[in-house]
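Here is a friendly tour to read alongside the model. Keep the 3D view open as you go.

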Amino acid sequence: MMREIEFTILENKPITDDICKMVLECSAGEHGITAPGQFINIKIDGLFLRRPISICDWTETTVTVIYKVVGKGTELLKTYEPGRQLNALSALGNGFAPARAGKRPLLIGGGVGVPPLYGLCRNLIEAGARPTVILGFNTEREVFYKEEFEKLGAEVLVATADGSMGQKGFVTDALRNIKEPATFFYTCGPEPMLKALDKALAEGLEGEMSFEERMGCGFGACMGCSCETRYGAKRICKDGPVLERSEILW
Amino acid sequence: MMREIEFTILENKPITDDICKMVLECSAGEHGITAPGQFINIKIDGLFLRRPISICDWTETTVTVIYKVVGKGTELLKTYEPGRQLNALSALGNGFAPARAGKRPLLIGGGVGVPPLYGLCRNLIEAGARPTVILGFNTEREVFYKEEFEKLGAEVLVATADGSMGQKGFVTDALRNIKEPATFFYTCGPEPMLKALDKALAEGLEGEMSFEERMGCGFGACMGCSCETRYGAKRICKDGPVLERSEILW
Amino acid sequence: MLQTELCGITLDNPVMAASGTFGYGREFAELYDINCLGSFSFKGTTLEPRFGNPTPRIAECEAGLINSIGLQNPGVEKVIEEELPHLATIFDKKVMANIGGFSVEEYAQVAQRLDLCDQIGWIEVNISCPNVRHGGIAFGTDPDAAASVIRAVKDAVRKPVIAKLSPNVTDITKMAIACENAGADGISLVNTLLGMRIDLKTKKPVIANKMGGFSGSAIFPAALRMVYQVYDAVKIPVVGIGGIATAEQVIEMMLAGACAVQIGAANLVDPYVCRNVIRDLPEVMRKYGIAELKDIIGGAHNG
Amino acid sequence: MLQTELCGITLDNPVMAASGTFGYGREFAELYDINCLGSFSFKGTTLEPRFGNPTPRIAECEAGLINSIGLQNPGVEKVIEEELPHLATIFDKKVMANIGGFSVEEYAQVAQRLDLCDQIGWIEVNISCPNVRHGGIAFGTDPDAAASVIRAVKDAVRKPVIAKLSPNVTDITKMAIACENAGADGISLVNTLLGMRIDLKTKKPVIANKMGGFSGSAIFPAALRMVYQVYDAVKIPVVGIGGIATAEQVIEMMLAGACAVQIGAANLVDPYVCRNVIRDLPEVMRKYGIAELKDIIGGAHNG
Ligand SMILES: Cc1cc2nc3c(=O)[nH]c(=O)nc-3n(C[C@H](O)[C@H](O)[C@H](O)COP(=O)(O)OP(=O)(O)OC[C@H]3O[C@@H](n4cnc5c(N)ncnc54)[C@H](O)[C@@H]3O)c2cc1C
Ligand SMILES: Cc1cc2nc3c(=O)[nH]c(=O)nc-3n(C[C@H](O)[C@H](O)[C@H](O)COP(=O)(O)OP(=O)(O)OC[C@H]3O[C@@H](n4cnc5c(N)ncnc54)[C@H](O)[C@@H]3O)c2cc1C
Ligand SMILES: Cc1cc2nc3c(=O)[nH]c(=O)nc-3n(C[C@H](O)[C@H](O)[C@H](O)COP(=O)(O)O)c2cc1C
Ligand SMILES: Cc1cc2nc3c(=O)[nH]c(=O)nc-3n(C[C@H](O)[C@H](O)[C@H](O)COP(=O)(O)O)c2cc1C
Ligand code: FES
Ligand code: FES
C-alpha cells in the first residue's frame with residue numbers, strides 16, 4: 001500500500017558520466033515494497049510534479065535507486081547531499097512477479113531500464129533460479145551494474161551499440177548468445193527496445209515488460225498514464241508499470 | 001549604485017518574540033551603502049517578490065537588518081541558518097540626510113520603524129550631534145534596541161501604548177518630555193504615526209519621514225510604489241523611502 | 001465551525017476534491033478515511049466508456065501541470081454498477097457527480113441516470129473540458145450553448161445542478177448568468193486554462209494533443225478573480241476551484257465568494273492535501289479571527 | 001547566430017524587455033550596458049501625464065505578481081523631450097514605443113507624435129491594459145474595437161505597428177486576425193491576465209483597485225499556447241511575451257512561433273535577467289542542436 005515517506009539520503013553519487021546511484025534510508029519496513037519493479041515518486045523542491053524512479057534494490061531500512069540525469073528534476077536531484085531528507089511516495093506500481101520465473105529466467109535491461117532488474121535478479125537467485133541477464137548500452141563508458149549482477153551469481157551478457165563492450169549491437173543481437181532456452185523473461189527499457197524484443201523472442205515465451213509514461217500522480221488517480229491493452233485501459237502507474245507480454249497492443 | 005550581492009548570513013536570531021536581527025557579510029564596501037535609511041531587497045527561495053528591509057547598521061563588510069515576522073517571507077527568513085547565502089539588491093533608496101541634523105536632532109521610531117534610525121543615530125553622534133531618540137512600542141515585551149541607542153550616547157525616551165515602559169501612550173505623547181527644542185527631525189514608522197507626528201511637531205520644524213509601500217522591484221523600474229507629493233509623483237523605492245516633511249501630501 | 005452549505009446540503013467542511021483528480025475515491029481511501037472531506041466530485045463521466053486522448057497526456061509547468069486526459073472513464077453504466085457500490089463502502093456522504101457530454105442530449109441522459117442514485121448529492125455539469133473535441137469547450141465558451149445544456153439537464157433531474165465553467169472566456173459573468181437563468185442551482189469555477197508546453201529535445205508539443213488544460217497553484221489568482229466576479233453577478237452559490245493547496249487559500253476563496261471549494265491538481269502531487277487542509281483550517285481561522293467559516297463567504301466584497 | 005528580424009528591422013538577438021518593467025531604460029543602464037538587448041519596449045505612454053491607480057498596486061502570487069500601475073507615465077511630450085534624449089545616451093538601437101490611450105483618437109495622436117522620433121523602431125499599441133477604466137480593456141477584448149484603434153494608428157504613422165493583445169479573451173486568434181486585417185505589421189502577446197488576491201488580515205483585496213494584471217512565470221503555459229495559436233492564424237510576425245525568464249523559454253516561445261520575445265515581470269525581481277538570458281542562449285542552443293535561432297521560429301508546428 002502506498003505511503004508518503006521522508007527518506008534520509010545516505011548516498012548519492014555518479015556511477016557513470018550521467019547516471020547516479022542514490023541510497024535512501026527509512027524506518028524498518030516503512031518503504032512497503034512488495035515486489036521488484038515497483039517504483040517511488042520523488043518530490044523535488046521547486047518542481048510541481050514528482051519524478052518516478054524504479055526501485056533498484058532494497059533492504060528492511062534502505063531503498064536504492066539509479067537515475068540518469070536528463071532534465072531539470074534529475075539535475076536538481078543530483079545536487080542533493082547525503083543527510084538531506086527526500087520526500088517520496090512508496091511503493092508504487094505492481095512490479096514483476098518473480099514466482100513465474102521458472103529455472104532459467106531471462107532478464108533484459110536497456111540503459112536506465114537496467115536498475116529494476118537488479119532487485120528482481122537478487123530475488124530470483126535467492127529463490128534458487130539461475131537467471132541470464134542481458135544488459136544493453138550505447139557504449140562501454142555507459143555500462144553500469146555489470147559486476148553487481150555478476151556478484152549476485154547471474155550470467156551476464158552485455159551488448160553495446162558501438163561494440164566497445166560485449167556483443168556489438170542491441171540486446172536483441174545478444175539474444176543469440178544464450179545457451180539454454182529461457183523459461184520466462186523480464187524486461188525493462190526504452191519502448192523501441194521492448195517492441196524489438198517482442199519480435200525477437202520466441203513466440204511462445206511468456207514474460208513481463210516494464211513501461212514508462214509521463215505521470216501526473218503515479219498512484220492511479222489522474223488517468224495521465226493510461227495505455228490500451230488487450231484487456232482494456234490500464235494505468236501504467238498502478239496497473240503497471242509491468243505488463244504481461246500477451247496483453248500488450250503494439 | 002544598486003548591485004546584486006550574495007551575502008553570507010553571520011547571525012540570525014530573535015531579539016523579541018517576533019523580531020529578529022540578522023547580520024550579513026559581504027566583501028569590503030560591496031554593499032554600496034551611502035546613507036542611513038537605505039534598504040536592501042531580499043530574495044527568499046520559493047517566493048516571487050523580494051522583501052524590502054531597512055538597513056539598521058553597517059560596517060565595511062557587514063550589514064545588519066532587523067525584521068518582524070509578519071507573513072510568509074519573514075517566516076521563511078527566520079529559518080535561515082548562519083552560513084547560508086542570501087541574495088539581495090543593495091543599497092536601495094535615498095536614505096536620510098544626516099548633514100541636515102543640526103546640534104539637537106530628534107529621531108522618532110515606531111515598531112519596525114526603529115531599525116533605520118540606529119545607523120542614522122550612530123552617524124549623527126560620530127558627526128558631533130546630540131540626538132534625542134523617541135522609540136514607540138505597544139508594550140514592554142516588544143521593546144528592542146533601547147540599550148543599543150543608549151550605548152551610542154543618545155538620550156532615549158520610550159513610549160508604550162499600555163504604559164508598561166516609559167511614557168504611556170504614543171510617540172506623540174513622549175514629545176512633551178523633550179527638554180531642548182529640536183533642530184531637525186527624522187522619523188520612521190507606520191503611516192498613522194507619521195501623520196500624527198506631522199500634526200504634533202512644531203509647524204516650522206523641518207524633518208524627514210521614511211515611508212513604506214508594497215514594492216514590485218524596489219529600484220525604480222515598475223512604478224509599483226508611487227506616491228503623489230507636492231513636487232509630483234515619487235517612487236518610494238527610489239526617490240524615497242525618505243521624503244521631506246514639506247513635500248508630503250497627507 | 002467549519003460547516004457550510006451547498007444547494008441545501010450541509011457540508012461538514014468546505015473542502016471537496018475536484019473532478020478528475022480523485023477518481024471515484026478508491027486510491028485515496030487506501031491512504032486516509034475520505035469521510036473527512038466535505039465531499040468530492042468524481043471523475044467526469046460520459047454516456048459511453050472512453051479511453052480519452054493519446055499519451056503523453058501530462059506536461060509539467062512551473063507551479064502546475066497540463067493535462068489532456070480527455071475524459072477517460074468507464075461510462076455511466078459501469079459507474080453506477082461498479083464504482084458507486086464500492087464508493088458506498090468507503091464514503092458515507094453525498095458525492096458530487098461530474099458529467100461530460102458531446103451533445104445536449106448526452107448530458108441530459110447521463111444526468112438522468114445518475115439522478116436516480118441516492119449517494120449523489122449534486123450533478124456538476126462540466127461544460128468546460130478543454131480536452132475533448134466536438135463540443136466540450138464550445139459549450140463552455142458560448143453562453144447560449146451553455147444555457148441549453150443546463151436547461152436540458154435541469155429538465156432531466158431533481159437533484160441540484162451545478163454548472164462548471166471554463167476560465168477561457170472574455171467575460172465569465174456572462175457565462176454564469178446564462179447558466180443561472182437556465183436554472184442552474186450553483187456555479188463551480190474554474191476548470192483548466194488552455195495551455196501548452198514544447199519539448200526542446202523533440203521540438204514538438206509535449207502533449208500528444210498539442211494543448212491541454214493547465215491547472216495548479218499558478219492559476220489561483222485568475223481563479224480567485226473569477227470567483228469574485230461571479231459572486232457579484234449571480235445569486236446562486238459558487239464553488240471556488242483553481243490552484244488551492246492550503247487552508248489560507250480556502251479562506252481566500254471563501255472571502256471572494258465561494259461557499260465551498262475544490263482541490264484538484266494538488267491531490268496528484270500531495271495525496272494527503274485535502275485531509276491536511278481540513279486539519280489546518282481551525283488553526284488558520286483562529287489566526288485570522290474567524291469563528292464560523294460560513295460567515296466569511298463573500299466577505300471581501302464589503303466596503 | 002542569435003539574429004532575428006522584426007518587421008524589417010534586424011535584432012541582434014530576440015530578447016527585449018517588456019513594457020512597464022524597464023521604464024525608459026535608466027534604472028537598468030546603471031546596472032549593465034543595455035545595448036546587449038535586442039531592444040526594449042518602453043513604459044506605456046499616453047497623451048497626458050498620468051499618476052495611475054491608488055496604491056497598493058502590487059500583490060505577490062505564487063510564481064508571479066499582480067500589478068495595477070494604471071499606466072503611470074509622464075505623458076508623450078515629456079517622453080519626447082526628456083526620456084528619449086536621455087535614452088540616446090545609453091542605448092544605440094531602435095526602441096519600441098508602447099502606447100496607451102482612452103480613445104481611438106488619443107492612440108492615433110500619441111502614435112503620430114512618436115512616429116517622428118528616429119530612435120523609435122516600432123509602435124506597440126497596448127490595447128490590452130487591464131488596469132485602466134474607460135476603454136483600455138474593452139479595446140483588448142472586442143475585435144472591432146481593436147481593429148478601429150489599429151486602423152487609426154496605422155493611418156497616423158509610417159513606422160511598423162505592433163498590436164499588443166490581452167490574454168483575457170475567449171479566442172485570441174479572432175483578436176489577432178482583426179488586428180492583421182486592420183493593418184497591423186505585427187502582433188505581440190500576451191499582456192497580463194486579470195487576477196486578484198485577498199489579504200487575510202484585512203479581508204479585503206490586496207490591490208487598491210481590487211483586481212490587477214497577473215504575470216510572471218505562472219502564465220508561461222497560457223502565453224505559449226496563445227503564441228502558438230496566433231502564429232497559425234496570421235501571416236505577420238509574432239512577439240512572444242509572458243512568464244519568460246530563461247533561455248530555454250525563449251527557445252520554446254520561438255518554436256511556438258515568436259520571432260522575438262519580451263521579458264516582463266522577471267526584470268523586477270532579477271534585474272539582470274535579460275542580460276543573463278542573452279548570455280545563456282548560445283550554450284542552450286548548442287545543447288539542443290540549434291545553429292541559427294531564426295530557423296526555429298514556428299518549428300513546433302511542423303509535422
Ligand atoms: C515507472 C517509471 C520508472 C522509471 N524508472 C527510472 C529509473 O529507474 N531510472 C531513471 O533514470 N529513470 C527512470 N524513469 C524515467 C524518469 O522518470 C525520468 O527520466 C525523469 O522523470 C526525468 O525527469 P527530469 O525532470 O530530469 O526531466 P524533464 O524532461 O525535465 O522532465 C519533465 C517531465 O517529464 C517527465 N519525464 C521525462 N522523461 C520521462 C520518462 N522517460 N518517463 C516518464 N516521465 C518522464 C518528468 O517526470 C517530468 O514530469 C522512470 C519512469 C517511469 C514512468
Ligand atoms: C523601504 C521599506 C523598508 C522596510 N524595512 C523594514 C524593516 O527594517 N523591518 C521590518 O520588519 N520590516 C520592514 N519593512 C516591511 C517589510 O518589507 C514587510 O514586513 C515584509 O515585506 C513582509 O513580508 P512577508 O512575506 O513576511 O509578509 P506578507 O504579508 O506575506 O507579504 C506579502 C507581500 O506584501 C508585502 N508587504 C507586506 N507588508 C509590507 C509592508 N509593511 N511594507 C511593504 N510591503 C509589505 C511583501 O513585501 C510581499 O510582497 C520595510 C518595508 C519597506 C517598503
Ligand atoms: C488530471 C486532471 C483531470 C481532470 N478531469 C476533469 C474532469 O473529468 N471533469 C472536470 O470537470 N474537471 C476536470 N479537471 C479539472 C479540475 O477538476 C479543476 O477544475 C482544475 O484542475 C482546476 O483546479 P486545480 O488548479 O486545483 O487543479 C481535471 C483536472 C486535472 C488536473
Ligand atoms: C509592473 C508592470 C507594468 C506593466 N506596464 C505595461 C505597460 O505600460 N504597457 C504594456 O503594454 N504592458 C505592460 N505590462 C505588461 C508586460 O509588458 C507584459 O506584457 C506582461 O507582464 C507579461 O509578461 P511577463 O509575464 O514577462 O511579465 C506591465 C507589466 C508589469 C508587471
Ligand atoms: S499517473 Fe495518475 S493515473 Fe497514472
Ligand atoms: S517598487 Fe518598482 S518602482 Fe518602486
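The report below covers confidence, a ligand site and a chain interface.

## Model and confidence

This is a predicted model, in which local features need pLDDT of at least 70, side-chain atom pairs count only at pLDDT 80 or more, and totals for chains, interfaces and linings use all residues. Residues are numbered from 1 along each chain as its sequence is written, chains are lettered from A and ligands numbered from 1 in the order in which they are written, and side-chain values use heavy atoms, with hydrogens and water left out.

For the complex, the predictor gives an ipTM of 0.96 and a pTM of 0.97.

## Around ligand 3

Ligand 3 sits between chains A and C. Around ligand 3 are 24 residues (a heavy atom within 4 Å), and those that come nearest are Ser19(C), Lys164(C), Gly243(C), Gly264(C) and Ala265(C).

Oxygen atoms of ligand 3 lie 2.6 Å from a polar backbone atom of Gly243(C), 3.1 Å from a polar side-chain atom of Asn126(C) and 3.2 Å from one of Lys43(C).

## Where chains C and D meet

Contact (heavy atoms within 4.5 Å) involves 41 residues from chain C and 41 residues from chain D. Two salt bridges (a side-chain nitrogen of Lys or Arg within 4 Å of a carboxyl oxygen of Asp or Glu) are counted between these chains. In a salt bridge, the side chains of Arg197(C) and Glu252(D) meet at 2.6 Å, N to O.

Terms used
A polar contact is a pair of N or O atoms within 3.5 Å; within protein, one must be able to donate a hydrogen and the other to accept it, and residues adjacent in sequence count only if both atoms are side-chain atoms.
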